[in-house]
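This report describes the fold, packing and side-chain contacts of one protein chain. It is written to be read beside the sequence and the coordinates.

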Amino acid sequence: MGHWPSVKARDLYAALIAIGWRQKHEQRTGGSHVLLARPGWPDFPFAFHPGTEIGPKMLARVAKQTGLKREDL
């Protein structure tokens, strides 16, 4: 496994949208949780505040669950 960079959550969200993920619904309590959906994949709960820095280990976990590749960032 290669090295993942650290990225802001807003950039990760944009990359997921670019590869075909779509917002299914927002949590109704006003939080930052969003459920993303993509055909052929289980729904992915995106639970990061936009300015949060996502480290390499967490980014690798997200990539495994979403099909994200380094070149998508």
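Which residues are exposed on the other side of α2? They are Lys57 and Lys64, where exposed denotes over 50% relative accessible area, buried under 20%, and partly exposed the range in between (1.4 Å probe, protein chains only).

The model is predicted, and local features need pLDDT of at least 70, side-chain atom pairs count only at pLDDT 80 or more, and totals for chains, interfaces and linings use all residues. Residues are numbered from 1 along each chain as its sequence is written, and side-chain values use heavy atoms, with hydrogens and water left out.

**Overall fold**

The chain contains two helices and five strands, arranged along the sequence as β-α-β-β-β-β-α. Helices (H or I, at least four residues) and strands (E, at least two) are DSSP runs numbered from the N terminus. Of the 73 residues in the chain, 29% are buried. Among contacts with a separation of 6 or more, 54% join residues 24 or more positions apart; a contact means heavy atoms within 4.5 Å.

The largest nonpolar core comprises 19 residues, and Leu12, Leu16, Phe46 and Leu68 have the most contacts inside it. Two or more residues of this core come from each of α1 (9–18), β3 (34–37), β4 (44–46) and α2 (56–66). Such a core is a set of buried Ala, Val, Leu, Ile, Met, Phe, Trp, Tyr and Cys residues joined through side-chain atoms within 4.5 Å. Beyond residues up to four places away in sequence, leucine 12 touches Val7, Phe46, Phe48, Ile54, Leu59, Val62 and Leu68.

Helix α1 buries Ala9, Leu12, Ala15 and Leu16. Seen down the axis, these buried residues fall within an arc of 120°, so they line one face of α1; the arc is that of the directions from the helix axis to the C-beta atoms. An α-helix has 3.6 residues a turn, so residues three or four places apart point the same way. The buried residues of α1 pack against β1 (7–8), β3, β4, β5 (53–54) and α2. Isoleucine 17 also lies in α1, but this residue is partly exposed. Its C-alpha atom is separated by 8.8 Å from that of leucine 36, 19 residues apart along the chain. Just after α1, glycine 20 takes a positive phi of about 115°.

In α2 the buried residues are Leu59, Ala60, Val62, Ala63 and Thr66. They cover an arc of only 165° around the axis, which puts them on the same side of α2. Their cover includes β1, α1, β4 and β5. Just after α2, glycine 67 takes a positive phi of about 85°.

**Aromatic and polar contacts**

The whole structure holds four aromatic pairs. In one of them, the rings of tryptophan 21 and tryptophan 41 have centres 6.4 Å apart and planes at 55°, so the pair is tilted. This pair links distant parts of the chain, with tryptophan 21 in the loop between α1 and β2 (22–26) and tryptophan 41 in the loop between β3 and β4, 20 residues apart. Rings of Phe, Tyr and Trp (its six-membered ring) pair if their centres lie within 6.5 Å; planes under 30 degrees apart count as stacked, over 60 as edge-to-face and the rest as tilted. Ring pairs also link Tyr13, Phe46 and Phe48 into a cluster.

Threonine 66, in helix α2, is in contact with both tryptophans, Trp21 and Trp41, and also with Leu16, Ile19, Arg38 and Phe44, leaving aside neighbours within four places in sequence. The side chain of threonine 66 reaches the backbone nitrogen of leucine 68 at 3.4 Å.

Lysine 24 is found in strand β2 and touches Leu35, Leu36, Ala37 and Asp43, not counting residues up to four places away in sequence. Its side chain makes a polar contact with that of aspartate 43 at 2.6 Å. A polar contact is a pair of N or O atoms within 3.5 Å; within protein, one must be able to donate a hydrogen and the other to accept it, and residues adjacent in sequence count only if both atoms are side-chain atoms.

The table gives relative accessible areas for residues discussed above.

| Residue | Relative accessible area | Class |
|---|---|---|
| Isoleucine 17 | 25% | partly exposed |
| Tryptophan 21 | 0% | buried |
| Lysine 24 | 49% | partly exposed |
| Tryptophan 41 | 33% | partly exposed |
| Threonine 66 | 0% | buried |
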